[in-house]
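Thanks for making time. I will go through one model and the contacts in it, then stop.

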Amino acid sequence: MFKKTIFALLLLASALLAGKFPVSSIEYSVTLKADKFQNGMSDIEAFKKSLFENIAVARLNDDSVKLDSEEIVSFWDTEDQLFSKQNIIVRLRGQGNKFEVTLKYRGANQETAENWDLLSSDKAKSKTEIDRYVNQDAFSRSITVTTNQDAINAKMLLEMFPGLKEYGFTLEKEIKKINNFSVNSVNYEIGEYRFGAEKAKKKTTTSNFDLTVWKCANGKVVTAQLSWKIRNEGIEMKSATDHAREVMEKLTQVTEWADANPKTKTSISYDANSCK
């Protein structure tokens, strides 16, 4: 499994570097144990300390954890779970009057994820990303459209993604929030780091580790995820992604924090008992 993971990540970095797919960025994520983050900032500071001790990566600062943003996240589907059955994810996130609707397809391998038609009515103005879950065997490809609406209906979704008709979604289909499930997604910056070549003549890339903690209305933390993202910047990207891949693989071996049986955020939303 480890060799397959490394090979898949190398393939992905090479494809992005070659410009074969219209991908704007790549993100690596590791799912962490939710029960390690039930006590708020003190647990997060402890995680950051452990991160420094267990993983060799060049820090550019020693600042405390910074609260980056908070947003409400929910997932949407039909009564008969039309989207879920076809590995399609519809997510709404944001706050106030600023929201994003994300259409995502999760594939079991790189090829199926990258070749999926994103079905957007305006691809040029939307960004396409590929996520790689280091301790989960899944690729995903997504496209995001902004809106000022805090709920989704069929008309709105088909205007954004008319190609969904090919998957059986029509105006007659009612779409609703899955299990009436929504969480407060709290996002933290865990310092700034240097990734890439160590030799002075070669460029390196600076980037943050981001920690996302999902909290239910009752305060229960249902998942936590550490992620690292880089935009497609050619040679610098390949050097940085190779390094970041190694760092994230090491984190999966830190059994105190890494979840050995991770669930995707989507599967958590489909579980009616997640917030109980």
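Which residue does a disulfide join to C216? The partner is C275, at an S to S distance of 2.0 Å. Please keep in mind that this is a predicted model. Searching the whole structure gives 1 disulfide. The torsion about the S-S bond is -75 degrees, which makes the link of C216 and C275 left-handed. C216 sits in the loop between β9 (204–215) and β10 (221–231), and C275 sits in the segment after α6 (265–270), so the bond ties together parts that are 59 residues apart in sequence. C216 is buried, at a relative accessible area of 6%.

Before the other contacts, a word on confidence. The mean pLDDT of the protein is 77, and 68% of the residues score at least 70. By element, the lowest mean belongs to helix α1 (residues 2–18), at 37, and the highest to strand β4 (residues 88–95), at 94. Residues 1–21 have pLDDT below 50, although that stretch still has 35 contacts in the model beyond near neighbours in sequence.

K176 is partly exposed at 37%, whereas E79 is exposed at 61%.

The side chains of K155 and E159 form a salt bridge as well, at 2.6 Å from N to O. Both are in helix α4 (residues 154–160), and because they are 4 residues apart, about one helical turn separates them. K155 counts as exposed at 51% relative accessibility, while E159 is partly exposed at 49%.

Now a charged residue without such a partner. E71, in strand β3 (residues 66–78), is buried and has no salt bridge. How far away is the nearest side chain of opposite charge? That side chain is R93, at 4.0 Å. Contacts of E71 beyond four places in sequence include R93, G94, V183 and N184.

T78 is also in strand β3, and T78 is buried with a relative accessible area of 5%. Its side chain makes a polar contact of 2.5 Å with the side chain of D80. A polar atom of the T78 side chain also lies 2.9 Å from the backbone nitrogen of L82. Leaving out residues up to four places away in sequence, T78 touches F169, K173 and E174.

Last, A34, in the loop between β1 (25–32) and α2 (41–54). A34 is buried, with a relative accessible area of 16%. A34 and V221 are 187 residues apart in sequence, yet their C-alpha atoms are 6.0 Å apart. Beyond four places in sequence, A34 touches V221, V222 and T223.

Conventions
Residues numbered from 1 in each chain as written. Predicted model: local features only at pLDDT ≥ 70, side-chain atom pairs only at ≥ 80, totals over all residues. Heavy atoms only, no water. Disulfide = S-S within 2.5 Å. Helix = DSSP H or I, 4+ residues; strand = E, 2+ residues; numbered from the N terminus. Buried < 20%, exposed > 50% of the residue type's maximum accessible area, 1.4 Å probe, protein only. Lys, Arg positive; Asp, Glu negative; His and termini not counted. Contact = heavy atoms within 4.5 Å. Polar contact = N/O pair within 3.5 Å; in protein donor to acceptor, adjacent residues only side chain to side chain. pLDDT = per-residue confidence, 0-100.
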